[in-house]
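User: Hello! I am new to this structure and would like to learn how to read it. Could you take me through it step by step?

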Amino acid sequence: VGTTDRWAAWLLEHRFGGDAGQRDAAMVQLGEFRDRVLAGARVRRGDVVLDVGCGDGLLGVAALDLVGRSGHVIFADVSADLLAECRRIVDDLGHRERAAFVHTGLPELAGIDAASVDVATTRSVLIYVADKAASFASLHRVMRPGGRLSIFEPIYSFGHPPPANTFLGLDVTGLEDLAERVKDVYRRFQPENDPMVDFDERDLLGLAEAAGFDEIHLDYHVDIDVEPVRMTWSTMLHHTPNPLVPTLREALDEALIGIEREALTERLRDQLERGATRRRFASAYLTAVRS
Ligand SMILES: C[S@@+](CC[C@H](N)C(=O)[O-])C[C@H]1O[C@@H](n2cnc3c(N)ncnc32)[C@H](O)[C@@H]1O
């Protein structure tokens, strides 16, 4: 399975672990991200909007409404399957003539002309890209003078690594060794220099400024709290937080033998069923103007 299929399979299926309740809850949150990124972009009628890493169209489809009949939206993604999905949605809505689909990604944005877009948006895409400086430079290149950039990214370097006695926000006190071996499986897929954890909000500011953007604003938000559980145990076993890592079931199977797996499973499940997880989550909204 190539990268393309992996992105589509995750975004369209695995991210919700096959759980409709989880999906509905996530969609509420995703809707908030979408509305805030688009508000930050100050999209106007007639604009050309580029959504980079468009996924299944969360931002791009909403942007079509904001730009109106005279505007255009360019959907760009490294996944051909996801672009096809966006095309299907846009066709169904009857907006085909106002949309373009470009199979490209960061850092290159190949095939997008210089100074060709009024707005560039991206949500949870830079976390997957190693060369963030080149990515900001490309975003700057494709935007017209006066164009608005609006970004949302989770800041996973915050609170990373998590405390030894928690795993997935659940208390594993006394079973830290077992949890550590499962965490090792995840670390193998995402080492310390992984693009997802190698930057923070200040880096985003510096990157935007270094690329030549102006009127840069960043809202940084942190939650360290107890969150009500939204997942069932089965969903937790089968979903993945991103397409690059195995499911919890796969990681447990790989790291532990039967009796160990049972001990950790029992603890995690018991903690989950108590109804709360500890959350340590940081995120940033960045807006900027191409001067
Ligand atoms: C977490 S999803 C976010 C999708 C969408 N922006 C949204 O808000 O729902 C990440 C998206 O980035 C795409 N992607 C991954 N690497 C990329 C890259 N180097 N350039 C552009 N897009 C990329 C994936 O195919 C996927 O659609």
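Analyst: Gladly! Let us begin with strand pairing: two strands pair if DSSP finds at least two bridges between them. Helices (H or I, at least four residues) and strands (E, at least two) are DSSP runs, numbered from the N terminus. This is a predicted model, where local features need pLDDT of at least 70, side-chain atom pairs count only at pLDDT 80 or more, and totals for chains, interfaces and linings use all residues. Residues are numbered from 1 along each chain as its sequence is written, and side-chain values use heavy atoms, with hydrogens and water left out.

User: Which residue of β9 stands opposite P154?

Analyst: That is S283. Strand β5 (residues 143-154) pairs with strand β9 (residues 276-290) in the antiparallel sense, over 7 bridges. S283 is also the bridge partner of H221. Strand β8 (residues 213-228) is antiparallel to β9 too, with 14 bridges.

User: Thanks! Which residues come nearest to the ligand?

Analyst: A residue is near a molecule if one of its heavy atoms lies within 4 Å of it. Around the ligand there are 19 residues, and G53, G55, D77, L106 and R123 come nearest. By type, this shell has 12 nonpolar, 5 polar and 2 charged residues (Ala, Val, Leu, Ile, Met, Phe, Trp, Tyr, Cys and Pro count as nonpolar, Asp, Glu, Lys and Arg as charged, and the others, Gly among them, as polar). Helix α1 (3-12) and helix α3 (58-67) each supply at least two shell residues, and α1 gives the most, 3.

User: How far is a nitrogen atom of the ligand from a polar backbone atom of G53?

Analyst: The distance is 2.7 Å. A ligand nitrogen atom also lies 2.8 Å from a polar backbone atom of L106, while a ligand oxygen atom is 3.4 Å from one of G55. The protein covers 95% of the 590 Å² of accessible area that the ligand has on its own (Shrake-Rupley method, 1.4 Å probe).

User: And how is empty space found?

Analyst: Rolling a probe the size of a water molecule over the atoms shows where empty space is left. On a 1 Å grid over the protein atoms alone, a pocket is an open set of points where a 1.4 Å probe fits, with protein on both sides within 12 Å along at least five of seven lines; lining residues have an atom within 4 Å of a point. The second largest pocket is lined by 16 residues, with R15, F16, R23, M27 and D56 nearest its centre. Its lining divides into 8 nonpolar, 2 polar and 6 charged residues. Helix α2 provides the largest share of that lining, 5 residues.

Methods
A polar contact is a pair of N or O atoms within 3.5 Å; within protein, one must be able to donate a hydrogen and the other to accept it, and residues adjacent in sequence count only if both atoms are side-chain atoms.
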